[in-house]
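Please keep the structure open while reading.

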Amino acid sequence: MKKYDVIIIGAGPAGIAAAKTFDKSGISFCIIDKNKFPRQKLCGGGLTNKSINMLKKLNLDINRIQNKPCKNVIIENKSTKKELELDNSIVMIDRIDFDNAILKQITGDIFLEENIININDNTLSTNKDTYEFKYIIFADGINGYSRKFIQNRKFGFCVEYESDKLTDKVILSFNAINGGYGWIFPKENHTTIGLGNFDTNKCDYINLICEFAKKNNFEIDKTQIKGYHIPLYSRDIYEKSVINNKLLVGDAASLVDPISGEGIYYAMASGMYAAQSIIQVLKDNSSLKDIYFEKTQGLSNSLDKRLKASKLLYSKMGNALIKIGLNNDKILSQLKRVFG
Ligand SMILES: Cc1cc2nc3c(=O)[nH]c(=O)nc-3n(C[C@H](O)[C@H](O)[C@H](O)COP(=O)(O)OP(=O)(O)OC[C@H]3O[C@@H](n4cnc5c(N)ncnc54)[C@H](O)[C@@H]3O)c2cc1C
């Protein structure tokens with residue numbers, strides 16, 4: 001049996017951020033992921049300035065992978081279209097390369113292609129081994145083992161298509177879909193076209209993405225469109241994310257911006273705070289729940305505010321609000337902060 005202070009399940013941004021925080025802390029930890037890396041992950045690959053700063057804070061370097069900083073963004077709704085210069089670039093990356101590159105920067109035991117079979121209070125079994133632990137961080141996304149700990153989670157849905165055609169323009173279209181927006185994210189060697197619905201309403205995603213692409217002069221091969229659920233943030237779920245010696249972070253705890261669908265920053269931040277909390281608890285025996293919720297208070301307060309704003313933005317009044325917003329400097333600077 002392998003023994004660790006902490007087991008991190010999932011080697012996405014949340015798990016890596018936790019692992020990087022444990023590096024050199026003296027705490028023994030390992031990461032277990034069911035996949036072989038590099039692995040596929042459906043994602044727009046847009047890193048906001050918050051994400052870039054978090055990577056710096058964690059000492060994770062992405063300079064060796066292709067990344068494309070984009071400063072100009074076109075925002076449109078039914079009747080208005082405006083090109084904005086963001087205060088900070090959105091950096092466009094490919095998630096296959098990104099996740100693989102940050103995983104390589106972890107010193108510590110990494111067990112790939114291992115699937116969790118069972119977890120008790122302090123032991124865990126996979127298809128390959130058994131482990132003893134003091135704490136577990138679940139960074140296993142929306143479909144991992146941790147699914148069973150939280151009932152009644154809500155999900156939106158995103159569809160994406162990768163085109164070989166290149167562009168330099170980032171487009172965010174609040175006209176492309178109800179309850180969300182369409183995006184065109186330029187990469188070095190392809191372009192990602194996507195639609196995100198941050199509501200539980202069903203819609204005809206295939207036709208909508210084809211229309212959105214056509215309007216922007218991209219052709220789509222319908223058979224190559226991919227879709228994936230996106231968790232919808234709620235305070236209720238966040239408050240259930242610490243269960244005794246188990247902590248859920250990132251998508252596993254539905255920590256995704258309800259306006260933009262940005263999840264990489266929230267995954268890294270919650271992973272880092274989870275690790276910092278466990279480091280403190282192992283030192284002074286304090287309450288994991290109290291420390292984690294104290295550390296993540298700013299994060300959850302900001303997501304609460306964004307949830308309120310998203311309910312307005314994606315309501316029937318949304319189009320009118322965006323029209324007003326695109327002509328109002330104060331609202332524009334807030335919108336820039338969501339995406340830049
Ligand atoms: C279409 C789409 C576009 C998006 N675009 C953006 C964007 O542009 N910018 C942005 O910031 N966010 C975006 N997001 C959100 C972002 O992708 C997620 O929020 C982010 O990946 C969450 O990171 P995570 O580490 O919590 O989970 P994940 O990245 O999902 O990683 C979870 C890991 O856990 C592993 N795992 C799962 N189950 C098990 C198990 N049983 N045992 C072991 N390992 C397991 C998986 O293999 C995986 O490696 C997008 C999401 C979607 C769906």
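In this predicted model, strand β8 is joined to strand β9, residues 123-126, by three bridges, and the two strands run antiparallel. The points below place this pair in its sheet, and then turn to the ligand and the core.

**The four-stranded sheet**
- The sheet that holds β8 and β9 is open, has four strands in the order β1-β10-β9-β8, and shows mixed pairing.
- Because β1 (2-3) and β8 (116-119) stand at the edges with a single partner strand each, one side of each is left without a neighbour in the sheet.

**The shell around the ligand**
- The ligand has 40 residues around it, of which G12, G44, G141, G250 and G263 come nearest.
- Two or more residues of this shell are given by each of the elements α1 (13-22), β12 (155-163), β16 (226-231) and α6 (264-284).
- Sorted by class, the shell comprises 18 nonpolar, 15 polar and seven charged residues.

**The largest nonpolar core**
- The largest nonpolar core has 90 residues, and those that touch the most other members are I7, A18, I137 and V249.
- Helix α6, which also gives two or more residues to the shell around the ligand, gives the most to this core, with 11 residues.
- When neighbours within four places in sequence are left aside, V249 is in contact with A14, A18, I137, F138, A139, A267, S270, G271 and A274.

Technical notes. Residues are numbered from 1 along each chain as its sequence is written. This is a predicted model: local features need pLDDT of at least 70, side-chain atom pairs count only at pLDDT 80 or more; totals for chains, interfaces and linings use all residues. Two strands pair if DSSP finds at least two bridges between them. A residue is near a molecule or strand if its C-beta atom, placed from the backbone, lies within 6 Å of it. Ala, Val, Leu, Ile, Met, Phe, Trp, Tyr, Cys and Pro count as nonpolar, Asp, Glu, Lys and Arg as charged, and the others, Gly among them, as polar. A nonpolar core is a set of buried Ala, Val, Leu, Ile, Met, Phe, Trp, Tyr and Cys residues joined through C-beta atoms within 7 Å. A residue is buried if 20 or more other C-beta atoms lie within 10 Å of its own, exposed if 12 or fewer, and partly exposed in between; C-beta atoms are placed from the backbone. Two residues are in contact if their C-beta atoms, placed from the backbone, lie within 7 Å.
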